[in-house]
Amino acid sequence: MKKLQCPLCGGDIAIEKRVLYSDRPLLFHAGCEQCRWETNRGYAAEKDAWKDAEKYISLFPPIMRVWPGDKLQVEDGSICEVINVNKNLAMMDVRRGEGRPVFTIADTHVIRWPWELEQEGGTEQ
């Protein structure tokens, strides 16, 4: 994924620093500014708050974590760009390249999601 986005509303995940009690140190929380959810715990290190947010988001089904503009690999092995997502029906409108026709696929036709392409060093075609 290009950036960490909220699986509920699509808003950006942000880090907030705050002191809960005057006698305790500054803690980092990650969460969605639009939905107003945040990580359960405060962390001394910003990277730990990011990891907690990533862990939480990874628990959502893949169809809720994909957004227009993301790239994914479909059953025939081609890399497609997501144009539109219908999360209720678990369907996506995708395109194989600029100027190519848009077609609709079910989430079950995806063999590698955007975050899997990034982790495995997948190349865009």
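This note reviews the strand arrangement of a predicted model.

1. The sheet as a whole. Five strands make up an open sheet, in the order E6-E5-E4-E3-E7, and their pairing is antiparallel. At the edges lie E6 and strand E7 (110-112), each of which pairs on one side only. From one strand to the next, the twist averages 55°.

2. Pairing of E4 with E5. Strand E4 covers residues 79-86 and strand E5 covers residues 91-95; the two run antiparallel and are joined by five bridges. Within this pairing, Val-82 has Val-94 of E5 as its bridge partner.

3. The turn between E4 and E5. These two strands form a hairpin with four residues between them.

4. Pairing of E5 with E6.

5. The turn between E5 and E6. A hairpin is formed by E5 and E6 as well, with six residues between the strands. In this turn, Gly-99 has a positive phi of about 80°.

6. Position of E5 in the sheet. In the strand order, E5 stands between E6 and E4.

Note on methods: Residues numbered from 1 in each chain as written. Predicted model: local features only at pLDDT ≥ 70, side-chain atom pairs only at ≥ 80, totals over all residues. Heavy atoms only, no water. Pairing = 2+ DSSP bridges. Axes fitted to C-alpha atoms, helices over the stretch in contact; angles between N-to-C directions.
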